[in-house]
Amino acid sequence: MASDDIAQLADALSKTHVGDGELSYKGLGLKLDNAESAEELVREIQQYQDLRALRLEGNTVGVEAAQAIAKALESKDLLQRCYWSDMFTGRLRSEIPTALRSLGSALMSAGARLTVLDLSDNAFGPDGVKGIEQLLKSPSCHTLRELRLNNCGMGIGGGKILAEALIECHRRSSALGAPLKLRVFISGRNRLENEGASALAKAFQLMGSLEEVHMPQNGINHAGVIALASAMRQNPELRVLNFNDNTFTKKGTLAMAQALKHLRNIQVINFGDCLVRSEGAIALAAVLREGLPILKELNLSFGEITEAAALVVAQAAMDKPHMEIVDLNGNCLGEEGCEALREAMENMDKGNLLASLSDDEGEPEDEENDDDEDNLSDDCDESNDKDREILKENGMTTNEDSPAKLQSPVRQTKHNVMPTGEGKLKKVALVPGQLLCLAHAVQQDYFPKHHALLFYTFVSKNNEAFKSCSAARERLNSALEMRCHD
């Protein structure tokens with residue numbers, strides 16, 4: 001290491017003491033390949049007598065450097081908080097488990113009692129979980145309160161290993177009279193899928209101490225969601241529930257709604273982009289009316305929820321005294337549906353609660369069609385009759401003499417209509433996802449050009465029929481134009 005580099009490192013390290021027993025190297029961009037390059041950092045750790053928190057995030061640590069740091073940590077029995085996210089940038093995946101085992105062994109040797117372990121953004125995969133497996137089972141983690149493993153690429157295998165380690169930690173700590181009481185669990189973007197999520201659900205159910213659970217973007221569908229819902233029910237102190245961007249469908253949402261009936265301390269629910277659909281949204285609205293007394297945030301965005309169901313949710317949310325924001329953006333509302341929702345909220349002096357609204361511009365997620373109710377367009381393809389039933393069941397008025405129209409609590413809204421061969425008007429509920437799928441098909445070689453010309457003429461001359469799906473219509477139009485001019 002050049003003398004200039006050493007001087008620069010020493011200067012940076014001189015500014016790392018931040019009080020409360022914390023030593024921070026956060027964001028220094030240090031490239032620690034071997035013991036020599038980590039020499040100054042190791043000396044700082046050794047000299048810090050009451051080290052309670054160590055921040056290494058935003059640097060890159062090799063195997064030899066990790067072993068040197070581990071040696072310095074063997075005497076730090078007061079260490080409680082390890083902020084070690086984004087710590088292996090540019091390292092071979094095979095190096096990371098070895099480095100983690102060295103650091104974990106040092107903590108166990110020191111007799112440290114951790115409360116926070118953050119290894120997010122390290123992309124270490126299942127092997128990386130094996131690297132911390134023994135640490136998680138050890139007395140050093142019996143006191144763990146926050147476990148942060150966001151964006152680590154654990155996969156199903158890693159999720160199962162992690163679940164078994166937590167279960168074993170709980171078993172061992174319970175035998176000593178002080179069971180593991182994890183409060184915060186963060187594991188987004190890990191591809192856990194149903195098997196990994198179900199395995200972790202067993203650990204969550206066993207602990208019963210969780211206050212925050214964040215598991216967005218894990219490819220979990222209704223089977224995994226049902227398992228998690230059962231586990232959440234056993235954690236009465238839950239305050240934050242974030243399963244954004246998984247696939248609930250009706251089955252998963254109904255299970256989660258049942259669990260929420262038993263949770264009185266929930267403040268934040270994030271089921272955005274979870275395909276909760278109309279029936280699921282109505283079930284959640286029922287729970288909202290009857291319970292969840294201190295709920296502050298509700299995110300049901302991009303869930304293929306129709307206008308009628310969205311109005312039911314909004315009406316239930318209005319009665320919550322602590323509510324700060326309701327996000328129904330990106331659902332199957334149409335422009336007039338968005339306006340009806342805004343007016344309904346404003347009429348109750350709750351307009352400030354509603355997040356910015358727009359039509360759904362995203363494609364529905366793919367999933368297995370295990371039942372008819374899990375077809376991707378089932379809720380968004382509800383008829384006006386179904387919407388009218390929803391409103392009547394929830395105490396809202398409808399116009400029985402005009403089935404092509406609905407009356408919200410504030411104003412009448414129109415559904416799309418298309419002409420039939422008999423010269424009459426037939427109700428059609430369009431789904432943005434359907435148009436987007438068609439746009440994709442149009443661009444494929446197998447799609448006949450003369451069909452594209454026909455569709456283009458039809459779409460161009462029926463603006464009113466596509467009014468509630470304007471963004472998806474524009475994308476389809478663009479695809480048709482390109483195909484016509486190929």
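**Ground rules**

I number residues from 1 along each chain as its sequence is written, and my side-chain values use heavy atoms, with hydrogens and water left out. Since the model is predicted, local features need pLDDT of at least 70 and side-chain atom pairs count only at pLDDT 80 or more, while totals for chains, interfaces and linings use all residues.

**Entry 1: the whole chain**

I started with the secondary structure and got 16 helices and 17 strands. Both are DSSP runs numbered from the N terminus: helices are H or I with at least four residues, strands are E with at least two.

Next I checked burial: 53% of the 486 residues are buried (under 20% relative accessible area; exposed is over 50%, partly exposed in between, with a 1.4 Å probe and protein chains only). The accessible surface comes to about 21100 Å², and carbon and sulfur atoms hold 46% of it (Shrake-Rupley method, 1.4 Å probe; for residues, only the protein chains shown count as cover).

I also looked up contacts (heavy atoms within 4.5 Å). Among those with a separation of 6 or more, 81% join residues 24 or more positions apart.

The average pLDDT (the predictor's confidence in each residue, from 0 to 100) is 82, and 76% of the residues score at least 70. Residues 361-384 have pLDDT below 50, yet the model gives this stretch 70 contacts beyond near neighbours in sequence. Residues 397-429 are also below 50, with 74 such contacts.

**Entry 2: holes inside**

Rolling a probe the size of a water molecule over the atoms shows where empty space is left. I counted two cavities of 30 Å³ or more. On a 1 Å grid over the protein atoms alone, a cavity is a set of points where a 1.4 Å probe fits but cannot get out, and lining residues have an atom within 4 Å of a point. Points are joined across faces, edges and corners, and the volume is the space filled by probe spheres set on them.

The largest cavity holds about 60 Å³. Its lining includes Leu260, Phe271, Leu292 and Val313. Helix α10 (residues 277-290) gives the largest share, three residues. By class I found eleven nonpolar, no polar and no charged residues (nonpolar: Ala, Val, Leu, Ile, Met, Phe, Trp, Tyr, Cys and Pro; charged: Asp, Glu, Lys and Arg; polar: the others, Gly among them).

The second largest cavity holds about 30 Å³. Trp84, Gly104 and Ile132 are among its lining residues. Here α4 gives the largest share, three residues, and the classes are seven nonpolar, one polar and no charged.

Leu292 counts as buried because its relative accessible area is 2%.

Asp245, in the loop between β10 (240-242) and α9 (249-260), also has a positive phi, near 60 degrees. Buried or partly exposed, I asked of Asp245? At 22% relative accessibility, Asp245 is partly exposed.

Val129 is in helix α5 and is buried, at 1%. Leaving aside neighbours within four places in sequence, Val129 touches Phe124, Met154, Gly158, Ile161 and Leu162. Gly157 is 28 residues along from Val129, and their C-alpha atoms are 9.1 Å apart.

Methods: On a 1 Å grid over the protein atoms alone, a cavity is a set of points where a 1.4 Å probe fits but cannot get out, and a pocket is an open set with protein on both sides within 12 Å along at least five of seven lines; lining residues have an atom within 4 Å of a point.
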